[in-house]
Amino acid sequence: MSWQLDRGATVASDGTVTFTTWAPRAEALTVRLLVPGGTEVRGELPMARDADGVFTARAPAALAPVGSDYVYLLPGVGPRPDPVSRRQPAGVHGPSRIVAAAGFRWSDGGWRGLPLDELIFYELHVGTFSPEGTFAGVAAKLPYLRDLGVTALELMPVVTFPGDRNWGYDGASLFAPHEAYGGPEGLCRLVDACHAHGLALFLDVVYNHLGPEGNYLQDFGPYFTDRYRTPWGAALNFDGPDSDEVRRFFVDNALHWLTDYHVDGLRLDAIHGIFDFGARHILGEISEAFHAEAERLGRRAWLVAESDLNDPRVIQPCAAGGLGLDAQWSDDFHHAQHAVATGNRRGYFVDFGRVADLAKAISDGFVYDGRPSAFRRRRHGAPSAGEPGERFVAFNQNHDQIANACQGRRLAQIVGLERQKVAAMVLFSTPALPLLFQGEEYGEEAPFDYFTSHGDPALAEAVRQGRHQEYLHLLEAGADAGSWADPQAEETFQRAKLRWGSLARSPHAEMLAFYRALLALRRRLAPLHNGRKDLTRVAADETLRSVTIERGDPSGAATFTAANLGDQGATLRLPADGAPWSLALATSSTVSARFEGGTTSLALPPDAAAIFTRVPR
């Protein structure tokens, strides 16, 4: 039997609505039914409490029709939105709205998802990706994304957050898509449209904390604990007294997106901020439930973690003592490539900078696999060389790295378009799953800084001051300390919107054509997308600042990528064994190859790269 969400307001086939919530801290609870969009009360229903603190009430359709609003009345506290609200039309502080889970007419009945190794991610922020800043605005760009060659959209968090602009990591109503983006129906339409275009859709979800504004969970029960701390707020209670219902809340949330919204996967934010020392880790419980439900639905669906632990157990099966997640972001690849390309040694980049680090990230996965870390002042990580390439998601840019490591600047603004092309060619030559951040493919110039719109003035000022201090800590030597972006200023948000008009102009049009060719090459050539780390050979030259990547395939086909990230020209020889090589793609017309006596020599000017291919004789 398929899973169904039975917390919150659940609408039956006859229109009857069952309200269910866990509130062990309350001896009594009432659900107040409201006319949509107003304060007029339709009626109030007392709720029955069971021994575990779960309250239930049933209302006929006439009293609680779909589309009407409601709140829970907590004695001594007052009205509160539903912790499992499906919709918050008036924001995090307003009443919840009754939504029929089966109310959307789906057209994706034949969609079965994509294999893990076919995923090419495109991370985007709904509010800044399109001029409209909505789910519909994203949907209008799907033909562009399909033609670009990506296969999976990854939306930064879209649950209800305070105000009308936010990165999404301050979510407070974790089951309700943000109203300004288009609400529940808008998200359903986007997912349905993605599947019609052959694209998967992933949601970024936050299971390590909730936003500080509009977070009323603590009024209902012990959702949080003071035994652990996170950098973003109170830690969630996954292993303490009364934690069973807290765990259920987050398992339900993952299954809600999978079943009610047909998503193809979740990206789990910063799992190093999830603390659970019980015998069965909450992430393992989520993984087992999520994959079992996907199998019942006949769909492929995946879980991808963000983790700075460098722990291969994250992506190992639960039966083998792992957490059972399918893949994880590869921060080490980003840091290694970024440090080589930019020369940045601030903060955590102090651990990187050698081309050998980049080579290890490509061939193994983790650079820090038990070796000493200067940044952490201890040994860090465990070996990951035995994990398949598709278990890692590699990237040159993402929302965090642009905003935090680069003060909002894109890679092209730091190193130039030609060196960004070289970095892209390296990225798409690795065994990992590649990820692009919105606009990267055409050299977008709009900055991407952190932005919020908190309604609480004291909180807004605290965020502003905290972000300023973080900015000063990461500031490059000689940079203007007064040029930081105020997260509360609407201008910071508006500047982050993509400048779609630049696509038709040089050099953006040429950059886009290059990325389209690169993605097409990765799809077409088996060695570039088979994830076989055991058939990958990487070599690094510290003097020339160059790296070569030879990829093989069981068919006998092979590719050879040569990349020069240095400031002087490099001459390289391609492997002489086997069939002759042919040039598949180069970042510049100044790249030259000479074929002589069965040997191929390659002259690479600074900031240039090329991919060669060969097939069996």
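In this tour a residue is called buried when its relative accessible area is under 20%, exposed when it is over 50%, and partly exposed in between (1.4 Å probe, protein chains only). The model is predicted, so local features need pLDDT of at least 70 and side-chain atom pairs count only at pLDDT 80 or more, while totals for chains, interfaces and linings use all residues. Residues are numbered from 1 along each chain as its sequence is written, and side-chain values use heavy atoms, with hydrogens and water left out.

Begin by selecting Cys-194, which counts as buried at 0% relative accessibility. The structure holds 0 disulfides, a disulfide being a pair of cysteine sulfur atoms within 2.5 Å. The sulfur of Cys-194 has its closest cysteine sulfur in Cys-188, 12 Å away, which is too far for a bond.

Turn next to the salt bridges, of which there are 32, each a side-chain nitrogen of Lys or Arg within 4 Å of a carboxyl oxygen of Asp or Glu. Select Asp-276 and Arg-247, whose side chains meet at 2.7 Å, N to O. Asp-276 sits in the loop between strand 17 (265-268) and helix 7 (282-297), whereas Arg-247 belongs to helix 6 (residues 244-260); helices (H or I, at least four residues) and strands (E, at least two) are DSSP runs, numbered from the N terminus. Both residues of this pair, Asp-276 and Arg-247, are buried.

Move on to Arg-532 and Asp-534, a salt bridge with its closest N and O atoms 2.7 Å apart. Here Arg-532 is partly exposed at 31% relative accessibility, and Asp-534 is exposed at 56%.
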